[in-house]
Amino acid sequence: MKKLMLLSVAGMLVITSCVSKKDYMALEEQQKETQDLLNSATVKLNSCLSDKAASMARVEAMKEQLEDLRKSNQDLIDTKGNLTTLTQKGAENLEKSLESLKEKDLKISRLQDALTKKDSVTLAIVTSLKKAVGIDDPDIEVNVEKGVVFISIADKLLFKSGSYNVTSKAKDVLAKVAKVIQSKPDFEAMIEGHTDSQTYSKGVLIDNWDLSVKRSTSIIRVLQELGVNPGQLIAAGRSSYVPLADNDTAENRATNRRTRVVVLPKIDQFYEMIEQEMKNLSAEN
């Protein structure tokens, strides 16, 4: 641009010296038009450069947006994959939980069946005992406590006062009890002796503990003589410590003097039954 201006000036000097005034004026007007065109071109060039810079800035911004969109898209893909994995794991865990619940329900069902079977046997024993010993006798009580069958017999039917020798009348009652025990070989019979609170001591008997146990063993010997398997029998004495009534009257003390025949399943067989059920469940799984 500077060279062009110098040439124009030189030309004007030459023209001034060589051409007429009219020609000089024409050349000067032409030089002005050329300068205007140059100025206009310069403005347009600067505008184009500015537009180019703005376009480049927009391109860079769009590139950054494109990169952000690509990253967001990849994050969504990764998240979808993670969700799919979590969903699969959740489904597997849920299935395992359901299987575990099914196993527990099956175990509970098996145990309930076992308890129902035990309750059925208990009911059958109660019915047999009531028929055998005579439920109408007020001195003989057949009952069930917490799934255990027992016969409570007043001492006046079994012993004389202060004695542990079984009366002949008691043998008739015990013969009926022996028959029921013999019909249940998988059960045990615990003979519990109970006394009142009045202290008793005579001969080999030191206190009510001795009397309650002695009465228990005397009944056990009679039952054994009547054919009951001694392996089913258990001797137990409770002295006066499990009374049915206060020992404040003669009638209440008579109530507390009693013998209980407790009929119950053998504990080892019960646990064997539970263990067998557990083995069956394990084998099925």
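**Entry 1: Q232**

I started with Q232 and listed what it touches beyond residues up to four places away in sequence: I181, K184, P185, F187, E188 and A189. I count a contact when heavy atoms lie within 4.5 Å. Q232 is found in the loop between α4 and β4. Helices here are DSSP runs of H or I of at least four residues, strands are runs of E of at least two, and both are numbered from the N terminus. Buried or exposed? I looked up Q232 and got 4% relative accessibility, so it counts as buried. My cut-offs are under 20% relative accessible area for buried, over 50% for exposed and partly exposed in between, with a 1.4 Å probe and protein chains only.

A note on the source: this is a predicted model, where local features need pLDDT of at least 70 and side-chain atom pairs count only at pLDDT 80 or more, while totals for chains, interfaces and linings use all residues. Residues are numbered from 1 along each chain as its sequence is written, and side-chain values use heavy atoms, with hydrogens and water left out.

**Entry 2: the whole protein**

I went through the elements and found six helices and five strands. From the N terminus they run α-α-β-β-α-β-α-β-α-β-α. Of the 285 residues, 25% count as buried. I also checked contacts between residues at least 6 apart in sequence: 67% of them join residues at least 24 apart.

**Entry 3: the sheet**

What is the strand order of the open sheet? I read it as β1-β2-β5-β3-β4, five strands with mixed pairing. The edges are β1 (140–145) and β4 (233–239), each of which pairs on one side only. From one strand to the next, the twist averages 20°. For pairing, I need DSSP to find at least two bridges between two strands. As background, strands of a sheet pair through backbone hydrogen bonds, either parallel or antiparallel.

I then took the pairs in turn. β2 (residues 148–154) and β5 (residues 258–265) are antiparallel, over six bridges, and I found S152 opposite R260 in β5. β3 and β5 are also paired in the antiparallel sense, over eight bridges; there I191 stands opposite V261 in β5. β3 and β4, in contrast, run parallel and are joined by six bridges. In that pair I noted H194, whose bridge partner in β4 is S239.

I looked at how covered β3 is, and seven of its eight residues are buried. Helix α4 (residues 208–225) lies across β3 (187–194), β4 and β5, and runs at about 155° to β4. For that angle, axes are lines fitted to C-alpha atoms, for helices over the stretch in contact, and angles run from 0 to 180 degrees between N-to-C directions.

**Entry 4: S239**

I went back to S239, in strand β4. Its phi is positive, about 55°, although it is not a glycine. At 3% relative accessibility, S239 counts as buried.

**Entry 5: the largest pocket**

I asked how much space lies in the largest pocket, and the figure is about 540 Å³. A pocket here is an open set of points on a 1 Å grid over the protein atoms alone, where a 1.4 Å probe fits, with protein on both sides within 12 Å along at least five of seven lines; lining residues have an atom within 4 Å of a point. The volume is the space filled by probe spheres set on the points, which are joined across faces, edges and corners.

Which residues lie nearest the centre of the largest pocket? Out of 27 lining residues, I got D155, A254, T255, R257 and R258. The elements giving two or more residues to the lining are β1, β2, α4 and α5 (250–256). I sorted the lining into nine nonpolar, eight polar and 10 charged residues. Nonpolar covers Ala, Val, Leu, Ile, Met, Phe, Trp, Tyr, Cys and Pro, charged covers Asp, Glu, Lys and Arg, and the others, Gly among them, are polar.

I picked out R257, in the loop between α5 and β5. It is partly exposed, because its relative accessibility is 29%. Setting aside neighbours within four places in sequence, I found R257 in contact with A154, D155, H194, T195 and D196. R257 and D155 are 102 residues apart in sequence but 5.7 Å apart in space, C-alpha to C-alpha.

Last, I checked K179 in helix α3 (residues 168–182). With a relative accessible area of 63%, K179 is exposed.
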